[in-house]
Amino acid sequence: MAKVVVFSGAGISAESGISTFRDSGGLWENYKIEEICSAGCLDWNYDATIEFYDKRREEIADKEPNKAHKAFVALKKRHPKEVALITQNVDDLFEKAGCEDILHLHGFLREVRCETCGFLDDIGYAKLREVHADGCPRCSHPLRPNVVFFGEAAPKYADMYKELQDCEMLVVVGTSGNVINTDMFLNSQIKYSILNNLEPSSAIDDRLYSKVLYKKASEAVDEIVGDVEAFLEN
Ligand code: APR
């Protein structure tokens, strides 16, 4: 359970060229969630769903972590026990920035898994059926992206709440708050909180945060890291 939690969303990867979901031109403007990212769509729309995640997986192959990823990974490495990185993102930019300890709440785009036997495989940036043409190598059932769809269980949330148990400083970066509303984390135990987004979100009450930075994550990150270091010193 960390003293400082850095909680991120799609906005932290935007400057690396990975589309967010709800900004103008975002992913959900071009795809229907109910067709490729909702519980059950693998039953009636398997091929289109696999194709959607194959495309997203291939798209992250050449993406590089930006200054924000690198700064938070360096912060975590300086304070491995006091700082926890939690992300809603399924890309691997924190890993590419050298992070070995991050909680992916909504899964990980490079991984595919079998819902029947639990087989899990990191296929890198390949198409699922390029690597596993005949389905699960253990039980031959169809494989799926290891990504949480809307309406599905998100088991890692339990780990998030455990991580938040001792949290005294919350940093929120690049999320609209539409799926996980970070306002609800702001209890009396949180002594200091920072909200960094490109612009206000109707799902977040920025009055609740000690500091609000409406700017790009790469432009805000030095100030944020400075505040975390100062907080940990006291
Ligand atoms: N720097 C900081 N914030 C940014 C930047 C940037 N360069 N660019 C965009 N943002 C902010 C936007 O202002 C917006 O508030 O990032 C936020 C992105 O919001 P969403 O697109 O809703 O993404 P996110 O909050 O991560 O979505 C949560 O929804 O679709 C599901 O599972 C998916 O994990 C995702 C979840």
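A polar contact is a pair of N or O atoms within 3.5 Å; within protein, one atom must be able to donate a hydrogen and the other to accept it, and residues adjacent in sequence count only if both atoms are side-chain atoms.

The model is predicted: local features need pLDDT of at least 70, side-chain atom pairs count only at pLDDT 80 or more, and totals for chains, interfaces and linings use all residues. Residues are numbered from 1 along each chain as its sequence is written, and side-chain values use heavy atoms, with hydrogens and water left out.

**Domains**

- The protein chain is divided into domain 1 (1-17 + 64-106 + 154-234) and domain 2 (19-62 + 109-147), with bounds from an automatic or database domain assignment.
- The C-alpha centres of the two domains lie 26 Å apart.
- In domain 1, 14 residues are in contact (heavy atoms within 4.5 Å) with 14 residues of domain 2.

**Ligand surroundings**

- Around the ligand are 23 residues, of which Ala10, Phe21, Arg22, Thr175 and Ser176 come nearest; a residue is near a molecule if one of its heavy atoms lies within 4 Å of it.
- Domain 1 and domain 2 each supply at least three residues of this shell.
- The shell comprises 8 nonpolar, 9 polar and 6 charged residues; Ala, Val, Leu, Ile, Met, Phe, Trp, Tyr, Cys and Pro count as nonpolar, Asp, Glu, Lys and Arg as charged, and the others, Gly among them, as polar.
- Trp28 places a polar side-chain atom 2.8 Å from an oxygen atom of the ligand.
- For Gln88, a polar backbone atom is 3.2 Å from a ligand oxygen atom.

**Val5**

- Val5 belongs to strand β1 (residues 4-8), strands being DSSP runs (E, at least two residues) numbered from the N terminus.
- With a relative accessible area of 1%, Val5 is buried, a term that means under 20%.
- Leaving aside residues up to four places away in sequence, Val5 touches Ala84, Ile86, Glu163, Leu164, Cys167, Met169, Leu170 and Val171.
- The C-alpha atoms of Val5 and Met160 are separated by 9.5 Å, although the two are 155 residues apart along the chain.

**Ser140**

- Most residues other than glycine have a negative phi.
- Ser140, which is not a glycine, has a positive phi of about 65°.
- At 53% relative accessibility, Ser140 counts as exposed, which requires over 50%.

Methods. Buried < 20%, exposed > 50% of the residue type's maximum accessible area, 1.4 Å probe, protein only. Helix = DSSP H or I, 4+ residues; strand = E, 2+ residues; numbered from the N terminus.
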